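Please look at the sequence and the model first.

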Amino acid sequence: MAVNEVRSVMTALRVLDEVAAREPVGVSELARLLELPKSTVQRTLRTLHAAGWIQPIGAEMTRWGLTTHMLRTGQRAAGGLNLRDVAVPVMEGLRSATQETVHLAVSEQDKVIVIERLDSPQPVRTFIPLGMAAPIYASANGKAILATRSEEEVSALIRRGLAVHTSTTVTDETELLAQLAEIRRVGYAVNDEEWRTGVSAVAAAITADDGSAIAGMSISTPAQRMNRKLAVHYGGLLKEAVRQISGALGRGRH
């Protein structure tokens, strides 16, 4: 392979890595982070898009995120648990029962990334693009996953700092630890507009045999449709849903 070809491949891998870490992200930010000309970044993005690895987020092709092709490839590399194949039929049942949007997300460091979404049939509904990353401490899926982590891991996250995203984002250490304890007690997490104003969600963790989180599954609604009674009801539905998925994945590993 010629030197220029090697350089092009390395550039593409660097751009793909930054998109995965920062999505949705634009050309200017990528060019600054990678110290590359904007024209080079734009050309690389178009190549990755044509190959099916990334997709534009929004109507204009100015910000980019991962495609499900990229996410499926990562899942196979992580062990081929067939998480999506097992989860989607259960997600369909949840959507049918609630008429709300159902998300499946996996964790990556201090974030959770949406890898599957079944949309609500209602005209007013929540929308999160596939591949979008949310803070693990300020989203329902994230908190459900975070509650399975060790005290040391949670403390390290808090030391790195908890950014404010909305007026209800929990950034106080004592309050967050109390929330995580409650999630462990009841088996599900609730997000009260903590990441995005106007969006509420309930989530539970899909776990491995050792109790560690494989993924999170959530029911997401416009905030005006959520109340405490519904949150408890959705929590019960989700606990049964993730129990089924965790069991199926466990059997598949043996």
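Q: Is arginine 160 buried or exposed?
A: This is a predicted model, in which local features need pLDDT of at least 70, side-chain atom pairs count only at pLDDT 80 or more, and totals for chains, interfaces and linings use all residues. Residues are numbered from 1 along each chain as its sequence is written, and side-chain values use heavy atoms, with hydrogens and water left out. Buried means under 20% relative accessible area, exposed over 50%, and partly exposed in between (1.4 Å probe, protein chains only). Arginine 160 has a relative accessible area of 53%, so arginine 160 is exposed.

Q: Which residue meets arginine 160 in a salt bridge?
A: A salt bridge is a side-chain nitrogen of Lys or Arg within 4 Å of a carboxyl oxygen of Asp or Glu. For arginine 160 the N to O distance is 2.8 Å, and the partner is aspartate 110.

Q: Where in the chain does each member of the pair of aspartate 110 and arginine 160 lie?
A: Helices (H or I, at least four residues) and strands (E, at least two) are DSSP runs, numbered from the N terminus. The pair links distant parts of the chain, 50 residues apart. Aspartate 110 is in the loop between strand 4 (101-108) and strand 5, and arginine 160 is in helix 7.

Q: Which residues of helix 7 (residues 151-160) are buried?
A: The cover over the buried residues of this helix includes helix 6 (140-146) and helix 8 (173-186). After helix 7 comes glycine 161, with a positive phi near 105°. The buried residues of helix 7 are Val154, Ala156, Leu157 and Ile158.

Q: Which parts does the salt bridge of glutamate 116 and arginine 84 tie together?
A: The two side chains meet at 2.4 Å, N to O. Glutamate 116 is buried at 9% relative accessible area, whereas arginine 84 is partly exposed at 33%. The pair ties together parts 32 residues apart in sequence, because glutamate 116 lies in strand 5 (residues 111-118) and arginine 84 in helix 5 (residues 83-98).

Q: How many residues apart are glutamate 182 and arginine 185?
A: Their side chains meet in a salt bridge at 2.8 Å, N to O. Glutamate 182 is partly exposed at 36% relative accessibility, and arginine 185 is exposed at 62%. Both lie in helix 8, about one turn of the helix apart, which is three residues.

Q: Which strands stand at the edges of the open sheet of six strands?
A: Two strands pair if DSSP finds at least two bridges between them. The sheet has the order 6-5-4-9-8-7, with antiparallel pairing. Each edge strand has a single partner strand, so one side of each is left without a neighbour in the sheet; these are strand 6 (133-135) and strand 7 (189-192).

Q: Which residue in strand 6 is the bridge partner of lysine 111?
A: Strand 5 and strand 6 pair in the antiparallel sense over three bridges. The bridge partner of lysine 111 in strand 6 is proline 135.

Q: What is the relative accessible area of leucine 238?
A: Leucine 238 is found in helix 9 (residues 228-252). Leaving aside neighbours within four places in sequence, leucine 238 is in contact (heavy atoms within 4.5 Å) with residues including Leu94, Val202 and Ile219. Leucine 238 is buried, with a relative accessible area of 0%.
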